[in-house]
Amino acid sequence: MNQDTAAPGPTPASTDAGAERLVARAVTVRFAGLLALDGVDLTVEPGSVHALIGPNGAGKSTFFNVLSGVCPPDSGTVRFGEKELTGRPPHRIAALGVARTFQNIVLTRGTVAENLMLGRHVLTRAGFTATALGLPGVAREQRIHRERAREIADFVDLGRLFHTPVDLLSYGDRKRVELARALCMEPRLLLLDEPVAGMNTAERQRMAATIAEVRAALGLSVLVVEHDMGLIMRIADEVTVLDFGRRIACGTPRRVQRDPEVIRAYLGAGTDARPAASAPTPAAPSRQAESHPPEPTPDRARPPGTEAGEDR
């Protein structure tokens with residue numbers, strides 16, 4: 001990240017993030033009789049980075065879809081601060097300060113600036129008619145939003161590419177555009193779906209630094225799904241582990257990586273697995289993009305990281 005532009009950073013959203021804790025309780029989702037999530041509890045403390053991990057087919061994407069309103073749960077509740085998210089459509093959840101990125105890059109064919117302006121749409125007050133008629137105030141509002149988009153582009157080191165078509169960007173920069181677009185929504189909770197998937201080592205390190213600076217500068221709460229355990233160990237305050245739709249562990253990264261249940265889930269070990277203290281950090285499996293639910297049953301016989309291509 002560019003130190004000259006990152007130093008001040010964009011200002012936090014006006015609402016006090018300290019009072020807004022994400023609390024999911026007993027979230028259950030079934031797909032045609034398949035239990036994708038089985039009474040999952042999860043709490044993201046204000047201003048923290050919380051990681052959601054698990055083997056292939058654990059239910060991570062389904063849980064993200066519940067939080068963002070894409071998939072309503074069969075039972076359970078999700079609250080963000082004093083607001084109930086359960087049953088709300090995605091655009092209403094976004095308006096409450098929850099922004100999400102996707103593992104598969106979802107960008108338009110326009111420039112970086114045009115993609116970031118899409119993130120400002122949820123904050124736009126001028127309606128379609130006022131915009132079409134060019135009523136007073138519309139141009140000024142658009143100018144303010146564009147200036148804000150430029151600030152955020154500078155913050156994530158995309159300022160020099162602000163007017164560049166996204167088709168001409170590297171893969172790593174396109175992932176950063178998606179992150180910047182989510183930040184343009186002025187969220188107080190950021191849901192990151194595999195932010196470093198497909199990146200090389202340098203790009204991963206750069207993205208990890210950006211996520212840390214975003215949390216530090218904006219005071220956001222971050223929930224991240226990621227298979228890069230090195231990244232999780234560096235940035236996460238707390239980790240929740242899912243396996244076959246159930247929560248099997250929750251705690252600090254160091255504590256979770258030594259949990260016998262987590263080791264069994266990743267390595268397929270029996271009950272006589274080696275002592276947790278000598279167990280390796282579960283490496284995350286590489287995998288292809290997730291299709292629609294239900295999630296496939298994973299091959300637990302192989303150590304994670306050896307699958308030829310997996311779905312979560």
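Does Glu84 count as buried, partly exposed or exposed, and at what relative accessibility? Glu84 counts as partly exposed, at 25% relative accessibility. The views below show a predicted model.

**View 1. Glu84 pairs with Arg79 in a salt bridge.** The closest N and O atoms are 3.1 Å apart. Arg79 is partly exposed, with a relative accessible area of 31%. By the rule used here, the model has 15 salt bridges.

View 2. Arg148 is buried, at 10% relative accessible area. Glu151 is partly exposed, at 42%.

**View 3. A salt bridge joins Arg215 to Asp237.** The closest N and O atoms lie 2.8 Å apart. This pair links distant parts of the chain, 22 residues apart. Arg215 is in helix α8 (residues 201-218), and Asp237 is in the loop between α9 (229-235) and β9 (238-243). Both are partly exposed: Arg215 has a relative accessible area of 23%, and Asp237 is at 38%. Elsewhere, salt bridges with shared partners connect Arg120, Arg148, Glu151 and Glu186 in one network.

**View 4. Glu178 is buried without a salt bridge.** Glu178 belongs to helix α7 (residues 171-183). The nearest side chain of opposite charge is Arg181, 4.2 Å away. Beyond its sequence neighbours within four places, Glu178 contacts residues including Thr101, Phe102 and Asn104.

**View 5. Leu116 sits in the largest nonpolar core.** This core has 51 residues; Leu116, Leu183 and Leu190 touch the most other members. A second, separate core of 28 residues includes Phe64, Val66, Leu67 and Phe80.

Technical notes
Residues are numbered from 1 along each chain as its sequence is written. This is a predicted model: local features need pLDDT of at least 70, side-chain atom pairs count only at pLDDT 80 or more; totals for chains, interfaces and linings use all residues. Side-chain values use heavy atoms; hydrogens and water are left out. A nonpolar core is a set of buried Ala, Val, Leu, Ile, Met, Phe, Trp, Tyr and Cys residues joined through side-chain atoms within 4.5 Å. Buried means under 20% relative accessible area, exposed over 50%, partly exposed in between (1.4 Å probe, protein chains only). Helices (H or I, at least four residues) and strands (E, at least two) are DSSP runs, numbered from the N terminus. Lys and Arg count as positive and Asp and Glu as negative; His and the chain ends are not counted. A salt bridge is a side-chain nitrogen of Lys or Arg within 4 Å of a carboxyl oxygen of Asp or Glu. Contact means heavy atoms within 4.5 Å.
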